Amino acid sequence: MKISFPRMGYSYIAFKWLVENMGHECVVPPEPSNRTLDLGVRYAPEFACIPFKILLGTYIEVAQMGAQAVITSGGMGPCRAGYYWVMHKYLLEEMNLPLKIIAMEMPLLNLGDFWKKIDLLRRDGGISLKELLRVLKITWAKVKSIDDVEIRSHQVRPRELKRGETTLAINAGLAFIDAAQNEEEIREARQEALSLLDRVPCDEQRQPLKIGIIGEIYVVLEPAANHYIQLLLGEMGVETDRSIYLSAYARKNTIVNLEGDLFSVARPYLNEAPIGGHGVNSIAETILYARHGFDGVVQLAPFSCIPEIVAKSIIPTVSREYDIPVQTLFIDEQTGRAGVQTRMEAFVDLLQWRRDRGIHKKKVFSL
Amino acid sequence: MIQAYLGVDVGSVSTNLVIISELGQLLASKYMRTNGRPIQTVQEGIQALGQEAASQIEIIGCGTTGSARYLTSMIIGADVVKNEITAHAIAASHEIEDVRTIIEIGGQDSKIIILQDGIVTDFAMNTVCAAGTGSFLDQQASRLCIPIEEFGGYAAKATNPVRIAGRCAVFAESDMIHKQQLGYNLEDIVAGLCEALVRNYMNNVGKGKEIMAPVVFQGGVAANQGLVRAFKKYLGFEVVVPPYHDVMGAIGAAYLAREAVKRKGRTGFKGFNLENINFRTTSFECRGCSNACEVVQFFENNNLIARWGDRCGKWELQVG
């Protein structure tokens, strides 16, 4: 079968390997472009949020490229995105595009369903159970290595002496990981990619501002959906960390790693009822970034995203109590970058003033 | 010759130029319509300022702000390029002692800036929708055949402002039309619109911000007395409109130029005679990789002076 999936940052490198090594053909989803957006906007309900429209556009594009199925995810908690794959399915049917949607629910929520779907793909691809386990393990190793390299790039970029060097280095490094075929090769590729980044000429004296990026998963993960915000800030000399990495829950070196803990962190601010999507996360992550000495936080929210709107109205209290500035960017169809650029420049000015006056060290928190 | 600083703010609707002295005194100012032609407008504005002031004033620093700030900086040879939020904050804190809140409404955007001890501690800008900005007011004024300058006068005469939906420009317009077709008088509708815009601003841009006095209202829209009154009514305290409210961004850019030149030592200002220089922008699509970046080139006469827009830095170029 020809299989595709939603594009989210660099993760396509790992998922491409997974699809191909389960005995299928992979249609690599193109980076979301104006065309993707046009298609999505044309066929999606007007009120749907931007992730829905970009995904629909992507599905149409991959269907035109010959894909027969897309593997996607279900949703989490009370957020309409949980129903999106169903709507995508109906819309594609209406358009007579023969694209099958295979929605994976979170394995932790419904392990049985998750396994059933994976196993079906395995049998269809004609690989053994043992082989499947090996393939999953290698895919996971790729996901982790890609994240390691990307995390490092966001630390290197604000220190680079010549604009663009880090981007060239990470692209070259990811190509090694793309080419790696087993765990040993992935290990080597990861090392090589990291050392490429470490060789980027840097100003070691520079002490960049640190900004945490939080918000709805799709717009946080896909640079084309968030005006390449980490690149933009990096090139303005700001180090960024984002709250969501696909490999985050299995690692300790990201600021935000244990999903379960986030609810207890956020509880003082929303005790009565949890909100879905990544709303609770956004509240908790603001606190975590403050505790870790970040200078500020940028919240990325699809326009009309209910969970992020709820979070946005709670965040000013968190921001005051933890003394950390938060800037919310609502993301919709606009592709002009000037607005984002202006807001980020002003936000960086604000953070720099605070740092110069020693304001951000005013309060000390216990971890 | 008086040594002075030039500030240029090129926004979507207006282009403002000011010259301030070392001590911050306003020596000259120009408020022009951008009319979608920023390059030409800046050239004309600089030329006009030169005719007024070049014989008595020597420009020893210049700065740009507004949405065309980068483009403008290449035209005039700016010493500093700053976003309009910072520029407005700098200007207001120089003009009004201990300012705590800045309400700024321009042609396409509106913002709130919160300051403490002269530094910005928080700000917000309208996102996604331009409801409640100058362009919308312009549009409604022309629909009602009222010159925008008289809009405030109509609002002042209202006895019983009509309630108009303020969340969205489209909702507001249809609500206005419904009320107008019921026979409400124009004054009450105009005043109702001002109140709706203030409500929208407070619920959208001002949400979650602690608004403390002194409050300064600046930007082109601050000329509208109807809005000033509506803000006072909503907030319950005085709102200050500074005398040069419509050119505050440019004033901020001039102050920033003063600081920048102290660091740099000398100005890059190209002089007042820009009239005969041909500035133009061209672009091409890079085929180096799948990103297909649109690379923009900026020419002064036939010399390429800047190139940008590529994500990888391959084409990037800045002369001078």
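**Figure 1. Contact between domain 1 and domain 2 of chain B.** Seven residues of domain 1 of chain B are in contact with 14 residues of domain 2 of chain B; two residues are in contact if their C-beta atoms, placed from the backbone, lie within 7 Å. Helix 3 (residues 84–95) of chain B supplies the largest share of the domain 1 side, three residues. Helices (H or I, at least four residues) and strands (E, at least two) are DSSP runs, numbered from the N terminus. The domain 1 side divides into three nonpolar, four polar and no charged residues. Ala, Val, Leu, Ile, Met, Phe, Trp, Tyr, Cys and Pro count as nonpolar, Asp, Glu, Lys and Arg as charged, and the others, Gly among them, as polar. The C-alpha centres of the two domains of chain B lie 27 Å apart. This is a predicted model: local features need pLDDT of at least 70, side-chain atom pairs count only at pLDDT 80 or more, and totals for chains, interfaces and linings use all residues. Residues are numbered from 1 along each chain as its sequence is written, while chains are lettered from A and ligands numbered from 1 in the order in which they are written.

**Figure 2. Chain B as a whole.** Chain B is divided into domain 1 (2–89 + 249–264), domain 2 (97–241) and domain 3 (279–318); the bounds come from an automatic or database domain assignment. Chain B holds nine helices and 14 strands. Along the principal axes, its C-alpha atoms fill a box of roughly 60 × 50 × 35 Å. Of the 320 residues of chain B, 47% count as buried. A residue is buried if 20 or more other C-beta atoms lie within 10 Å of its own, exposed if 12 or fewer, and partly exposed in between, with C-beta atoms placed from the backbone. Among contacts in chain B with a separation of 6 or more, 64% join residues 24 or more positions apart.

**Figure 3. Helix 2 of chain B and its end.** Seven of the eight residues of helix 2 (residues 69–76) of chain B are buried, so this helix is largely enclosed by the rest of the structure. The buried residues are B:Arg69, B:Leu71, B:Thr72, B:Ser73, B:Met74, B:Ile75 and B:Ile76. Just after helix 2 of chain B, B:Gly77 takes a positive phi of about 80°.

**Figure 4. The surroundings of B:Lys82.** B:Lys82 sits in the loop between strand 5 (80–81) and helix 3 of chain B. B:Lys82 counts as buried because it has 29 C-beta neighbours inside 10 Å. Leaving out residues up to four places away in sequence, B:Lys82 touches B:Gly63, B:Thr65, B:Ala87, B:Ala253 and B:Leu256. The C-alpha atoms of B:Lys82 and B:Ala254 are separated by 10 Å, although these residues are 172 residues apart along the chain.

**Figure 5. The four-stranded sheet of chain A.** This open sheet has the strand order 6-5-7-8 (chain A), with parallel pairing. Two strands pair if DSSP finds at least two bridges between them. Strand 6 (238–242) and strand 8 of chain A stand at the edges, each with a single partner strand, so one side of each lacks a neighbour in the sheet. Neighbouring strands of this sheet are turned by 25° against each other on average, direction ignored. Strand 5 (residues 209–215) and strand 7 (residues 296–302) of chain A pair over five bridges. Here A:Gly215 stands opposite A:Leu300 in strand 7 of chain A. Strand 7 and strand 8 of chain A pair over six bridges. A:Val298 has A:Gln327 in strand 8 of chain A as its bridge partner.

**Figure 6. Cover on strand 8 of chain A.** Six of the six residues of strand 8 of chain A are buried. A:Val326, A:Thr328 and A:Phe330 lie on one side, and A:Gln327, A:Leu329 and A:Ile331 on the other. Helix 13 of chain A lies across strand 5, strand 7 and strand 8 of chain A, running at about 165° to strand 7 of chain A. Axes are lines fitted to C-alpha atoms, for helices over the stretch in contact, and angles run from 0 to 180 degrees between N-to-C directions.

**Figure 7. Where chain A meets chain B.** The contact takes 20 residues of chain A and 17 residues of chain B. Helix 14 of chain A gives the most to the chain A side, with eight residues. By class, the chain A side has 10 nonpolar, four polar and six charged residues.
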